[in-house]
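Please look through the sequence and the model below before reading on.

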Number of protein chains: 2
Amino acid sequence: MAPKTERRAQHSEESRRRILQAAAEIAAERGYDGTSVALVTKRSGLPASSVYWHFGSKDELLAEVVEHSYREWLPALNRWTPPEPGIDRVAYLRSALQDAGKSFADQPEFMRLGLMLLLERRVEEPAARARFKRIRTEMLDSMSAWWGAVLPDDAVAARPDLPRSLAQLNMAAADGLYAMAMSGSDAVEISRLQDLLALALDAAAERITRELTGGS
Amino acid sequence: MAPKTERRAQHSEESRRRILQAAAEIAAERGYDGTSVALVTKRSGLPASSVYWHFGSKDELLAEVVEHSYREWLPALNRWTPPEPGIDRVAYLRSALQDAGKSFADQPEFMRLGLMLLLERRVEEPAARARFKRIRTEMLDSMSAWWGAVLPDDAVAARPDLPRSLAQLNMAAADGLYAMAMSGSDAVEISRLQDLLALALDAAAERITRELTGGS
DNA sequence: TCTAGCCTGTAGTAAGCACTACAGGATTCA
DNA sequence: TGAATCCTGTAGTGCTTACTACAGGCTAGA
């Protein structure tokens, strides 16, 4: 998308954004098959020909939805960059999980659509699903690095896979809590469960560390 | 469904079962909207008129799929009936989670379809989603009772919501691990993460118990 | 004002969707 | 043998689906 002199470019970009936004909302409500181009045109106000001019196909549109909503949501991931040493691990975990929960509440499209795509298993994998899997790997890498930085060095040396395992459990549990929140129970409960998850992860890390280094 | 003299009843029941089986497989692969009656007739070998004679509508068919596959999967839930006191909690947790994981691997339809339905949020809720939510509540009750029996009495007295909270986290994390397993990584990893989850839950329960009763 | 290129609006396409009407085969009880 | 009941097979219904052909409006550079 070259500049092409401002005003036109702005108009084009605005249309693209409106279509993406509408598609994201519908896809988060109804999944891959439930998202029809007709619904997208109705909610965005732009005709089907515009959708196909901008995105080429429904499959590519949904893949772009995943990509776009991920980039909008990205700031929430920065929490998982390794912090300075000597930090209060459980407190940091708690606030990071709370932040993640809040960011899901603000922009529910990304995670909901992504998890729905993850659970599907048709013969021809939609492009959106492949895109989400790749993004997921990046997220896991960030969280693994964080756990690696937050665990004692000798524990990591004794079990190099530990940071990644904790990160995987961390991510899976956060996903599960998100799905639970979707099922209709109140959001207050979820916030308390996120604290409990932080506590459980911290306690697990502590026990494993003690067994590895403390001996007995 | 009255007896109606054996042979006919058997034949009818067999058709019903074949339709349910086909629908369960397709729904687990493609979700609610992705499951078409035409696909079900193709995989089951029975015509659409039979599907509608037995189930009345696609919505009711999928609700019955949830109900049916839940009843087939039910034995795996018996693990969460309260055990005799003095049991090794973490070992029991580990084996229970491993069993649950294995039962998902054997009959993946129930959980996969259920979680997909949970994440959807259309205006008109499908009957299958409501059905799964009710089943989910039952499962949570079982797990809450288990945690209530396995925690020290004085801890439960001090925090009556603790068993339920641990059960919720337990369930959410198990769901998340299941979704992670679906994303294509190898199953061996998942088994190790289930052990880690058992350890984390046990460590959390232990720390909370110590803080509540041990003091300091 | 002319021309080129970007984007939209209209009006389709064939295929797929959930669902139905209805005739008729199979099985049972008389 | 006959009638009643249960289930299946055929052939549709009107509607929605993803996608397209194409004319024309609007902006930009000349």
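1. Two residues are counted as in contact if their C-beta atoms, placed from the backbone, lie within 7 Å. On that basis, 37 residues of chain B are in contact with 37 residues of chain A. The model is a predicted one, in which local features need pLDDT of at least 70 and side-chain atom pairs count only at pLDDT 80 or more, while totals for chains, interfaces and linings use all residues. Residues are numbered from 1 along each chain as its sequence is written, and chains are lettered from A, and ligands numbered from 1, in the order in which they are written.

2. Which elements supply the side of chain B that touches chain A? At least two residues each come from α1, α6 (109-119), α7 (127-150), α9 (162-182) and α10 (187-214) of chain B, and the largest share, 11 residues, belongs to α9(B). Helices here are DSSP runs (H or I, at least four residues), strands are runs of E of at least two, and both are numbered from the N terminus.

3. By class, this side of chain B holds 19 nonpolar, six polar and 12 charged residues. Ala, Val, Leu, Ile, Met, Phe, Trp, Tyr, Cys and Pro count as nonpolar, Asp, Glu, Lys and Arg as charged, and the others, Gly among them, as polar.

4. The same surface serves both copies, since 100% of the contact residues of chain B recur in chain A.

5. Of its 216 residues, 40% are buried, a residue being buried if 20 or more other C-beta atoms, placed from the backbone, lie within 10 Å of its own.

6. DNA strand C is surrounded by 23 residues, of which the closest are S12(A), S49(A), S50(A), R7(B) and S36(B); a residue is near a strand if its C-beta atom, placed from the backbone, lies within 6 Å of it. Two or more residues each come from α1 (7-34) and α3 (48-55) of chain A, and from α1 (7-34), α2 (37-44) and α3 (48-55) of chain B. The largest share, four residues, comes from α3(A).

Conventions:
Buried ≥ 20, exposed ≤ 12 C-beta atoms within 10 Å, placed from the backbone.
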